[in-house]
Amino acid sequence: MAKKRAGTPSWKQNHPSTLFSNSVERSERAVKQAMSHPEEIAVEHAFHSLERTENALQNAEQRQEHLDIVGQNKEKLTDLKQQLHEVDATLNDPN
């Protein structure tokens with residue numbers, strides 16, 4: 001059996017639905033961080049993370065593979081965006 005070369009990503013790591021799933025997980029951590037520490041930099045980081053996740057979603061949808069998993073993660077992404085907007089609104093509320 002041939003040995004995998006170091007530094008060569010596996011097909012699983014490059015698969016659009018896997019990349020999207022991983023991106024959703026990273027965004028979830030960033031949003032949770034912003035919720036627990038509602039500071040401008042944490043919120044900004046979470047928004048950037050969600051932007052990258054949106055791009056990963058578009059790539060996964062274009063490939064039209066594993067649409068059930070993509071759909072579940074898309075719902076999670078929608079929830080994360082709502083949570084982050086609530087944190088942002090609280091942070092920017094002068095009262």
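A: **A pair of helices and what surrounds them**

Let's start with H2 and H4, which run roughly parallel to each other (angles under 35 degrees count as roughly parallel, over 145 as roughly antiparallel, 65 to 115 as roughly perpendicular and the rest as oblique). This is a predicted model, where local features need pLDDT of at least 70 and side-chain atom pairs count only at pLDDT 80 or more, while totals for chains, interfaces and linings use all residues. Residues are numbered from 1 along each chain as its sequence is written, and side-chain values use heavy atoms, with hydrogens and water left out.

As for the overall layout, the protein has four helices and zero strands, in the order α-α-α-α along the sequence (helices are DSSP runs of H or I with at least four residues, strands runs of E with at least two, numbered from the N terminus). Of its 95 residues, 27% are buried (buried is under 20% relative accessible area, exposed over 50%, partly exposed in between, with a 1.4 Å probe and protein chains only).

Back to the pair. H2 covers residues 16-36 and H4 covers residues 67-92. Their axes lie 10 Å apart, at an angle of about 20° (axes are lines fitted to C-alpha atoms, for helices over the stretch in contact, and angles run from 0 to 180 degrees between N-to-C directions). The crossing is left-handed (the near helix is turned anticlockwise from the far one by less than a right angle; clockwise would be right-handed). On the H2 side, the residues in contact include Phe20, Val24 and Val31, and on the H4 side they include Leu77, Leu80 and Leu84 (contact means heavy atoms within 4.5 Å). By class, this contact has eleven nonpolar, five polar and three charged residues (Ala, Val, Leu, Ile, Met, Phe, Trp, Tyr, Cys and Pro are nonpolar, Asp, Glu, Lys and Arg charged, and the others, Gly among them, polar).

H4 has another partner, H3, residues 40-63. Those two axes come within 10 Å and cross at roughly 160°, which makes H3 roughly antiparallel to H4. This crossing is left-handed as well. Among the residues that meet here are Phe47, Leu50 and Leu57 from H3 and Leu77, Leu84 and Leu91 from H4. Sorted by class, the H3 contact with H4 has twelve nonpolar, two polar and six charged residues.

Now look at H4 itself. Its buried residues are Val70, Asn73, Leu77, Leu80, Leu84 and Val87, and what covers them includes H2 and H3.

Finally, zoom in on serine 23 in H2. Serine 23 counts as buried because its relative accessibility is 6%. Beyond its neighbours within four places in sequence, serine 23 is in contact with Arg52, Thr53 and Ala56. Arginine 52 belongs to H3 and is partly exposed, with a relative accessible area of 47%. Leaving out residues up to four places away, arginine 52 touches Ser23 and His45. The C-alpha atoms of arginine 52 and serine 27 are 8.6 Å apart, although 25 residues separate the two along the chain.
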